[in-house]
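User: I have a model open and want to go through it with you. Can you take my questions as they come?

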Amino acid sequence: MPTPDEVDLAGLIVRAISIAGVQTCIEVPSWRLCFDIGKAPETAVRYPRVFFTHGHVDHVGGVAHHCGTRAMRKTGPPVYVIGEEHREGLEAVLEGFRKLDRSALPCSVVGVAPGDVVELSGKKRVRAFRSQHRVPTLGYALEEDRHVLRPELAGVPGNEIAAARARGEDVREVRTAVELAFCGDTTIDVLEDPLVQASRRLVLEVTFLDEAVSRERSRATGHVHLDDVVERAHLLQHEAILFTHFSHRYSAGQIVDLLDRRLPESLRSRVQPLLAGFR
Ligand SMILES: [Zn+2]
């Protein structure tokens with residue numbers, strides 16, 4: 001079984017594997033969570049929270065393995081977050097495995113809608129947004145609050161700021177940064193979402209890359225085509241971008257070659273293709 005790749009996205013490490021129709025799992029170790037589990041990589045079992053984008057098997061198929069392994073290792077019941085429309089389906093799958101496994105498979109399943117937030121700590125949270133696939137699908141954004149100097153104090157000497165703080169004045173304010181947006185399976189339209197645009201980093205599926213599958217066919221099946229990316233390159237202003245979920249019809253060499261040839265340099269320099277599992 002191929003192992004995930006470790007990718008540095010502007011200082012945020014993700015460990016990921018994603019092959020269209022086969023498996024997707026994007027781990028964010030510093031946030032102790034992952035997105036989707038088509039087949040559970042050994043490393044994904046460490047994370048107590050999984051955010052599922054939709055119910056296709058290549059995105060949820062590993063859930064029983066994730067849950068069962070955590071139960072066996074007594075690493076604590078996981079929390080599975082999924083679109084409300086898929087909650088019952090996921091609960092039924094887990095119930096079926098409880099019967100088969102004759103065990104409790106402890107976990108909780110949380111249904112969410114676009115805009116809903118799952119709090120992780122006082123400062124970190126995950127916000128769901130709508131993606132456009134052929135079944136109801138969510139993307140997820142990682143948000144983090146930071147204390148920053150009030151803008152009106154920019155340029156004020158440090159000793160004056162220290163004095164203001166000593167007088168009990170509040171010199172800082174909270175600003176929320178969108179650290180990462182993971183779009184799940186989607187058409188290119190997801191890039192119009194203000195939350196996706198505001199994100200520092202983007203994980204975007206680009207399933208089809210050339211005329212082997214037409215752009216129309218790609219859109220009809222709810223996926224991104226490289227032609228869509230080229231057309232909307234202006235919406236990809238993110239600091240670091242990971243392209244994922246390529247069709248297995250392409251080899252790693254072909255993927256890199258097509259990106260090199262088709263993307264403008266200003267975009268190509270910020271894009272990394274996720275090549276784990278490609279020949
Ligand atoms: Zn899908």
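User: Which residue does Arg146 form a salt bridge with?
Analyst: Glu144 is the partner of Arg146, and the closest N and O atoms are 3.4 Å apart. A salt bridge here is a side-chain nitrogen of Lys or Arg within 4 Å of a carboxyl oxygen of Asp or Glu. This is a predicted model, where local features need pLDDT of at least 70, side-chain atom pairs count only at pLDDT 80 or more, and totals for chains, interfaces and linings use all residues. Residues are numbered from 1 along each chain as its sequence is written, and side-chain values use heavy atoms, with hydrogens and water left out.

User: Is Glu144 buried or exposed?
Analyst: Glu144 counts as buried, at 15% relative accessibility. Arg146 is partly exposed, at 36%. The classes are buried under 20% relative accessible area, exposed over 50%, and partly exposed in between (1.4 Å probe, protein chains only).

User: How many salt bridges does the structure hold?
Analyst: The structure holds 28. Among them, Arg175 meets Glu173 at 3.2 Å, N to O. Asp189 pairs with Arg219, with the closest N and O atoms 3.0 Å apart. That pair links distant parts of the chain: Asp189 is in the loop between β11 (172-182) and α5 (194-198), Arg219 is in helix α6 (residues 215-220), and they are 30 residues apart. Helices (H or I, at least four residues) and strands (E, at least two) are DSSP runs, numbered from the N terminus.

User: Which residues are linked in a network of salt bridges?
Analyst: Asp189, Glu192, Arg215, Arg219, Asp228, Glu231 and Arg232. Asp189 is partly exposed at 27%, and Arg219 is partly exposed at 39%.

User: Switching to the metal. Which residues coordinate the zinc ion?
Analyst: His54 (NE2), His56 (ND1), His133 (NE2) and Asp185 (OD) coordinate the zinc ion, at 2.2 to 2.4 Å. Donors are N, O and S atoms within 2.8 Å of the metal (3.2 Å for Na, K and Ca); water is not among the atoms, so sites may look incomplete.

User: Why is the arrangement around the zinc ion irregular?
Analyst: Because the four donor atoms subtend angles of 88 to 176°. Four donors count as tetrahedral if all angles lie between 85 and 135 degrees; four count as square planar and six as octahedral if opposite donors are over 155 degrees apart and all others between 65 and 115; anything else is irregular.

User: Backbone next. Where is Lys74, with its positive phi?
Analyst: Lys74 sits in the loop between α2 (63-73) and β6 (79-83). Its phi is about 55°, although Lys74 is not a glycine. Most residues other than glycine have a negative phi. Lys74 is exposed, at 74% relative accessible area.
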